[in-house]
Amino acid sequence: GVVVFDVEPRVLMPLGPADTGKVLLERDWRATPRGGTRLAPALEAAAAELERSAASRRILVVVTDGFIDQSSLETVRERMRMSRIETLAFAVGPDANLVALSRLVEPGSGRAVRVGEAAVLPRVVRAELERRRARTERGRIEVVQERPLPIPQGVFRDWPPVAAYAVTRSRPEAAIAVRSRRGDPLVALASPGQGRVVAI
């Protein structure tokens, strides 16, 4: 899910499955910040989105120039603690106020990070999320087939949900045949040289 904010927050992309998110991310979003920055209302909106989720882990990623309004963040910080929302906060730019942003983060369940330039933000955010993510996803997880498997009748309509899987990333040159509804690859295909590899 994505919430943008200046004086008021706006939900650009409601929290939902990864495959829905990929479609929405292709949109031409019009978000022109103006009028200042009020962090607390944006955090309340993001917390409301996360509280609708039945996921075992809820992670909130906050990206800001680090300017924090003077209103107290204690109430929203307590709400996130009660809702078991972990917070990763990124203060972007050389003048970002990392100390003020750190007030938002609950010790032991989050982290505040300074990012010198916006250009490196995607890499830093990905690294921090992967560091925090569980190595194994568990639950009743739906499965989606995106391309045929290299076997006769390689497309199956009724994939059963899986109870657990190891969290991995596919190589850039690989094709994802089956993925979880959360977006993780479960079966990947590649053709190195004259061979063919199926990784499960």
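Mentor: Happy to! Let's begin with a term: a residue counts as buried when its relative accessible area is under 20%, as exposed when that area is over 50%, and as partly exposed in between. Also keep in mind that this is a predicted model.

Trainee: Which residues does Arg-135 touch?

Mentor: If you don't count residues up to four places away in sequence, Arg-135 touches Tyr-165, Ala-166 and Val-167. Along the chain, Arg-135 and Ala-166 are 31 residues apart, yet 5.9 Å separates their C-alpha atoms.

Trainee: Nice. Switching topic: what can you tell me about helix H2?

Mentor: Helix H2 covers residues 39-51, which makes 13 residues. From its first C-alpha to its last it reaches 18 Å, close to the 18 Å expected at 1.5 Å a residue.

Trainee: How many residues of H2 are buried?

Mentor: Ten of the 13 are buried, so H2 is largely enclosed by the rest of the structure. Among the buried ones are Leu-39, Pro-41, Leu-43, Glu-49 and Leu-50.

Trainee: What covers them?

Mentor: The cover includes strands S1 (2-5), S2 (9-13), S3 (58-64) and S4 (85-92), along with helices H3 (74-82) and H4 (98-102).

Trainee: Where does H2 come into the largest nonpolar core?

Mentor: That core has 21 residues, and those with the most contacts inside it are Leu-39, Leu-43, Leu-60, Val-62 and Leu-73. H2, S3, H3, S4 and H4 are the elements that give two or more residues to this core. H2 provides the largest share, six residues.

Trainee: Which residues does Leu-60 touch?

Mentor: Not counting residues up to four places away in sequence, Leu-60 touches Leu-43, Ala-46, Leu-50, Met-80, Ile-85, Glu-86, Thr-87 and Leu-88. There is also a second, separate core of nine residues, which includes Tyr-165, Ala-177, Val-187 and Leu-189.

Trainee: Now sheets! In what order do the strands of the open sheet run?

Mentor: The order is S7-S9-S10-S11, four strands with antiparallel pairing. Strands S7 (143-145) and S11 (197-199) are at the edges with a single partner strand each, so one side of each has no neighbour in the sheet. From one strand to the next, the twist averages 15°.

Trainee: How many bridges link S7 and S9?

Mentor: Three bridges, with S7 and S9 (residues 175-180) pairing in the antiparallel sense. As an example, Val-143 has Ser-180 as its bridge partner in S9.

Trainee: Last one: how many aromatic pairs does the structure hold?

Mentor: It holds one. The pair is Phe-156 and Trp-159, with ring centres 5.9 Å apart and planes at 85°, so it is edge-to-face. Phe-156 is partly exposed at 39% relative accessible area, and Trp-159 is partly exposed at 30%.

Notes. Residues numbered from 1 in each chain as written. Predicted model: local features only at pLDDT ≥ 70, side-chain atom pairs only at ≥ 80, totals over all residues. Heavy atoms only, no water. Pairing = 2+ DSSP bridges. Axes fitted to C-alpha atoms, helices over the stretch in contact; angles between N-to-C directions. Contact = heavy atoms within 4.5 Å. Expected span 1.5 Å × (residues − 1). Buried < 20%, exposed > 50% of the residue type's maximum accessible area, 1.4 Å probe, protein only. Phe/Tyr/Trp six-rings, centres within 6.5 Å; stacked < 30°, edge-to-face > 60°. Core = buried A, V, L, I, M, F, W, Y, C linked by side-chain atoms within 4.5 Å.
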